[in-house]
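Trainee: I am new to this structure and would be grateful for a guided introduction. May I put some questions to you once it is before us?

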Amino acid sequence: MKHTIEEMISTAEIETMLDRLADEINEHYKEHKRLLMVGLLKGSAVFMADLCRRIRGHVEIDFMAVSSYGNKMTSSRDVRILKDIDSDIAGRDVLIVEDLIDSGNTLNKVKEMLMLRSPKSLAICTLLDKPERREVNVHVDFIGKTIPDEFIVGYGIDYAEQYRNLSYIAKVIPQE
Ligand code: PRP
Ligand code: MN
Ligand code: MG
């Protein structure tokens, strides 16, 4: 698709969001022993790298890759684990780190799957939230910014695997 991109959230604004999120997370997990931050590949990789460096105390990071297939017959989503986390999360404080929540299907399923492993607590942090696109309800504990239903890229978020390396977030504008 022919398109251009236009900056929507600057690097400076992302830094401010990171600092605020880290303050909230550090406050919430004041007493934690070994916080495990779980990023969902690939979109969360850039956000995870910046966020985890702002979290105090003993912190571990792990990653999970899932794929979600739309099922047109049932309009439900089948979410499969392509790469599981290595860590045993039983009895641990776990924070899922996601770049973007759209329909909510990915996080809803991931949360359900991880809950079966009896973590001490399981919370979700997302950099961006698009509530207008929600198909399933999922409770989000830490939100960087709520945005309208725009096609966005950058800072880990891709369009056909491109633009993850942008240091800012941009809107994709289709050209005729
Ligand atoms: C994108 C995004 C979220 C998910 C949100 O990932 O990074 O993980 O979609 O969509 P949902 O709320 O409708 O489930 P994508 O599947 O494109 O994989 P990627 O992170 O590797 O780009
Ligand atoms: Mn993703
Ligand atoms: Mg993607």
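This is a predicted model: local features need pLDDT of at least 70, side-chain atom pairs count only at pLDDT 80 or more; totals for chains, interfaces and linings use all residues.

Trainee: Does Ala160 count as buried or exposed?

Mentor: Ala160 belongs to the loop between S8 and S9. It has 7 C-beta neighbours inside 10 Å. The limit for this class is 12 or fewer, so Ala160 counts as exposed.

Trainee: Which class does Tyr163 fall into, by its C-beta neighbours inside 10 Å?

Mentor: Tyr163 also lies in the loop between S8 and S9. Its count is 18 C-beta neighbours inside 10 Å. A count between the limits of 12 and 20 belongs to the middle class, so Tyr163 is partly exposed.

Trainee: What is the phi of Tyr163 near?

Mentor: Most residues other than glycine have a negative phi. Ala160 has a positive value, with phi near 50°. For Tyr163, phi is likewise positive, and the value is near 80°.

Trainee: In what order do the three strands of the open sheet stand?

Mentor: Strand S1 (3–9) and strand S8 (152–153) stand at the edges; each has a single partner strand, so one side of each is left without a neighbour in the sheet. The pairing is antiparallel, and the order is S1-S9-S8.

Trainee: Which residue in S9 stands opposite Val153?

Mentor: S8 pairs with strand S9 (residues 169–174) in the antiparallel sense, over two bridges. Opposite Val153, the residue in S9 is Ala170.

Trainee: Which element gives the most to the shell around ligand 1?

Mentor: The ligand is surrounded by 15 residues, and Lys42, Gly43, Asp102, Ser103 and Thr106 are the closest. Two or more residues come from each of strand S2 (35–41), strand S5 (93–101) and helix H3 (105–115). With four residues, the element that gives the most is S5.

Trainee: What is the form of the peptide bond from Leu41 to Lys42?

Mentor: Lys42 is found in the loop between S2 and helix H2 (45–52). Most peptide bonds are trans. From Leu41 to Lys42, however, omega is near -5°, and the bond is cis.

Note on methods: Residues are numbered from 1 along each chain as its sequence is written. Chains are lettered from A and ligands numbered from 1 in the order in which they are written. A residue is near a molecule or strand if its C-beta atom, placed from the backbone, lies within 6 Å of it. Two strands pair if DSSP finds at least two bridges between them.
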